[in-house]
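Today I am looking up rings, charges and surface in one model.

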Amino acid sequence: YMDTLGTLARLNHQVLARQTLVGGKYELLRCSTGVDNICDFEPQPDYWVALLWSRLMGTTVLEPPGGDDASGDNDGTTWKRDLHFH
């Protein structure tokens with residue numbers, strides 16, 4: 001989820017909408033039915049990522065040094081470098 005936020009920021013996207021807030025496979029707040037089938041809305045890990053992202057990241061996205069996302073080794077293999085600077 002954090003990688004998606006960084007990638008979309010680099011592509012100048014302003015908003016990311018999640019599939020669901022409560023319930024379902026990608027929920028941000030868990031709805032575990034307890035007493036009387038009332039949801040407790042316990043935050044999932046992606047909730048905390050979204051909260052920290054919105055509070056800590058700025059609006060300027062900087063390019064990582066080197067520019068390209070792909071780098072190579074001497075043996076001909078390539079690997080992906082994924083850095084996001086704000």
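I started with Trp48, which is partly exposed at a relative accessible area of 44%; the class lies between buried (under 20%) and exposed (over 50%), with a 1.4 Å probe and protein chains only. Tyr47 is partly exposed too, at 28% relative accessibility.

A note on what I am reading: this is a predicted model, where local features need pLDDT of at least 70, side-chain atom pairs count only at pLDDT 80 or more, and totals for chains, interfaces and linings use all residues. Residues are numbered from 1 along each chain as its sequence is written, and side-chain values use heavy atoms, leaving out hydrogens and water.

Next I looked up aromatic pairs and found 1 in the structure. Tyr47 and Trp48 form it edge-to-face, 5.0 Å centre to centre with 85° between the planes. The pair rule: ring centres of Phe, Tyr or Trp (its six-membered ring) within 6.5 Å, with planes under 30 degrees apart stacked, over 60 edge-to-face and the rest tilted.

Then I checked charges over rings (NZ of Lys or CZ of Arg within 6 Å of the ring centre and within 35 degrees of the ring normal). The charged end of Arg18 sits over the ring of Tyr1, 4.4 Å from its centre.

My last stop was the loop between helix H1 (2-10) and strand S1 (29-30), where I found Leu21. Gly23 is in the loop between H1 and S1 as well, and counts as partly exposed at 21% relative accessibility.

Conventions
Helices (H or I, at least four residues) and strands (E, at least two) are DSSP runs, numbered from the N terminus.
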